[in-house]
Amino acid sequence: MKNAIAIFKKELRSYFSSPIGFVFIIFYLLVSNAFFFFVQDFFRQGQVTMRGYFAAMPWVFLFFVPAITMRLWAEEKKMGTVELLLTMPMKEWQIVAGKFLAAFAFLAITLAFSMTIPVSLMYLGKPDLGVIIGSYVGALFLGSAYLAIGLYISSLTENQVVAFIISLAAIFVLLLVGIAPVWLNALGSIVAVCEYVSLLSHFNNVTRGVIDSRDVVYYASVIALFLYLNVKNIEARKWR
Amino acid sequence: MIHVEGLTKRYGQSTAIDNISFHINRGEVVGLLGPNGAGKTTTMKILTCFISATAGRASINGHDTFDQPLKVKEQIGYLPESCPLYHDMDVTTYLTFSAEVRGVASDKRKGAVEKVISDCDLGKVTHKLIGHLSKGYRQRVGLAQALIHDPAVLILDEPTSGLDPNQIRDILSLINNLGQEKTVIHSTHILSEVEATSDRVLIINNGHIVAQGTPRELMSRSSGTTVYVTVKGSDVQGQLASAPFVKKAEKISDARDGFVRLAVQGADQRDVSLDLFKLAVEKDWLVSELKAETASLEDVFAKLTRG
């Protein structure tokens, strides 16, 4: 665990060692707040709820999370630092875990800045804080699943732009399969499978403030699967 | 200390190294010599557990690189070929990070970082971003991170490439100092570096070890010292060929005014210019040139690697 923490600290520091980390957070807040207050027209709704904010989250994360993960492996490969990293006395999973946790922490910090919205809501009325807290936890699960996918894809290439685009495409597909069944009803049981696989359908409960253990198991499995694939892909370098 | 047996690595169809075996003792400084693409880097990558061999075994201090990679990695300091570093970190932060993942205890980290900073002469740049450093300084940072945990074995892949002559001299003298207590393998294709630093040389070509030995041993494998002489006299070549100290006397060209230029090799590969001079005096020849040339490691290298 000590090694994973060392990697975690290095990666998290790296997010803030240049203005990019801060620019990213500001841009995220601008986009998500503008969406919530203006596109969804919060002020005309007459309700102090963040449901609309969280409903948009799978789509906002679709663009932001791949940007968080794209450099984590691709840059190491491009700069050659991966060779030093992997010849230090650490197990591959420790490095993967450290990188994942750093990306998670960065996402959590970004989300923490959006807490200005619930604070504003508390001035305007009496929002249901239980629902809001539940939704934040759900958003972290959703974001972590995206991060695990993005981190894995970053390990497949040394080009950050390629990592970004492929991650975005992969997540997009995993979101869409949850929508497709509406017009694929004729196919019967496939609908249920598609719905189960989709990152989106599991998030619907979350926006209602419900954290269902089935959704937690789903997100945990997606995270575990892609972190496992990531470790295997890093180990496979030895045989190429 | 380092034991390699029958090591082979294939990348798809192409074979990078083919059945290489060698042994390196504790405290030896060994130069891995070979043209580009000979298999030096591949060998080093296997020793550092970055990649696995297709066949054969390698072990460091009794630990197998395949079965016990963590044990192996703990014992080595490694400087990869292009000296990759995190450009967004400053020197102290980077070295502290290296110390941490290399397993230096937290109370000793500061001391370890200070030691390598002074050993590698990085005092002036401790708080500069690595991305802003010159190539020579970066190379020293690369060496510093390889030394941070005081490893028993140092594996340096072309530590002097791209440096200016002064920087090369600094790095070589650093390697010389390190070689007093550590086992060092360094690769290069510059022969004078090997002559200056290494106890032993392994010459690799096309994935095979084509020669190994001390630089002196390798040089003696060549034709030894050749004496070039330009003389005028009767039947010079015939008389030289029959002289007892001469192994071979070859005419190179006719010079002006009846002089001939010859290349003479001594019987026991030694420099025979004095004997030649005495003979010329005895026979009353006119001598206009007398020059001894000793074969260098470069000649050996060229001979072995050009097939």
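How many residues does the contact take from chain A, and how many from chain B?

## Where the two chains meet

This is a predicted model, so treat what follows as a tour of a prediction. The contact uses 19 residues from chain A, and chain B puts in 20 residues.

Let's look at the chain A side. Two elements there give two or more residues each to the side that touches chain B: helix H1 (2–16) and helix H6 (81–85) of chain A. The largest share comes from H1(A), which brings 4 residues. As for the kinds of residue on this side of chain A, you'll find 8 nonpolar, 7 polar and 4 charged.

## Chain B and its two domains

Now over to chain B. Chain B splits into domain 1, covering 2–220, and domain 2, covering 225–305. If you take the C-alpha centres of these two domains of chain B, they sit 44 Å apart.

## How the domains touch

The two domains of chain B do touch: 14 residues of domain 1 are in contact with 9 residues of domain 2. On the domain 1 side, four elements of chain B each supply at least two residues: helix H7 (191–197), strand S9 (200–205), strand S10 (208–213) and helix H8 (215–220). H8(B) gives the most to this side of domain 1, with 4 residues.

Key
Residues numbered from 1 in each chain as written. Chains lettered and ligands numbered in written order. Predicted model: local features only at pLDDT ≥ 70, side-chain atom pairs only at ≥ 80, totals over all residues. Contact = placed C-beta atoms within 7 Å. Nonpolar A, V, L, I, M, F, W, Y, C, P; charged D, E, K, R; others polar. Domains from an automatic or database assignment.
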